[in-house]
Amino acid sequence: MTGWVTVAGLGPGADTLVTPEVSAALSEATDIVGYIPYVARIAPRPGLVLHPSDNRVELDRAHAALDMAADGRRVVVVSSGDPGVFAMASALFEALEARPGQHPDIRILPGITAMLAAAARAGAPLGHDFCAINLSDNLKPFEVIEQRLRLAARADFAMAFYNPRSASRPRGFARVLQILREECGPERLVIFARAVSTADEAIRTVTLAEATPEMADMRTVVLIGNSQTRRVGNWVYTPRRAGAV
Ligand code: SAH
């Protein structure tokens, strides 16, 4: 049997947002590898071995997947959202780079990333140029986050923030909001989109002046508009045109 590794995005939560291509890969798999809550989304079936693992062991997980594929297993590494957005696809290639010799067949299957699911719920806040920033300082110093925030704000990008706030980083997001107030002023619209497409979904739009750190947790993606982002009825959208910065 020829083994392979597929890195698949499960989307933001709802089964209806899993792509048919990902469903097909899951149905061919012998093994599912991933972070515990993501593996928990896979229905068990005879012949399928689930390998849930803890957070922050991405490289071990990637090596385990490559080892199993070398033994002829058909391995799907699952991520939430899209596997290329702050997720397992890069970890797999980091592991691959460190391994001499033959590589198994590898496929990366896209999924609907949190910021796009959240933006669709709110209206079209990412309707013009935007960027995505991971606010976790596990893998980069906070100074890098601060510099990217300030430069993106000055370039008038709308922004999406992943991993905004966790128990191990209670103060970072308060600092992020402070930096954004300095750069964007108090009226800028901010969307807190929590657990999008799940039963716990909650979407809340406020101004930067009203935004507090407690509005975000690790199940929240935070979107901030550009200088033109506005409300129309209950929706928030960013026009397709930009003037001078
Ligand atoms: N690969 C994932 C992101 C992993 S990082 C993707 O493409 O979506 C984990 C972060 O993603 C969370 O801290 C949160 O900011 C965001 N996130 C993931 N699923 C979400 C959801 N259903 N609703 C809101 N934010 C979500």
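Author: **The ligand site**

The model is predicted: local features need pLDDT of at least 70, side-chain atom pairs count only at pLDDT 80 or more, and totals for chains, interfaces and linings use all residues. Residues are numbered from 1 along each chain as its sequence is written, and side-chain values use heavy atoms, without hydrogens and water.

By automatic or database assignment, the protein chain is divided into domain 1 (4-112) and domain 2 (115-237). Both domains give residues to the shell around the ligand, so the ligand lies between them. The domain centres, taken over C-alpha atoms, are 28 Å apart.

The ligand is surrounded by 19 residues (a heavy atom within 4 Å), the closest being D82, V85, T113, M218 and T220. The shell comprises 12 nonpolar, 5 polar and 2 charged residues, with Gly counted as polar.

Polar contacts are pairs of N or O atoms within 3.5 Å. A backbone N or O atom of P12 lies 2.8 Å from a ligand nitrogen. For A195, the distance from a polar backbone atom to a nitrogen atom of the ligand is 3.3 Å, and for a backbone N or O atom of V221 it is 3.3 Å. Of the 540 Å² of accessible area that the ligand has on its own, the protein covers 92% (Shrake-Rupley method, 1.4 Å probe).

Note on methods: Polar contact = N/O pair within 3.5 Å; in protein donor to acceptor, adjacent residues only side chain to side chain.
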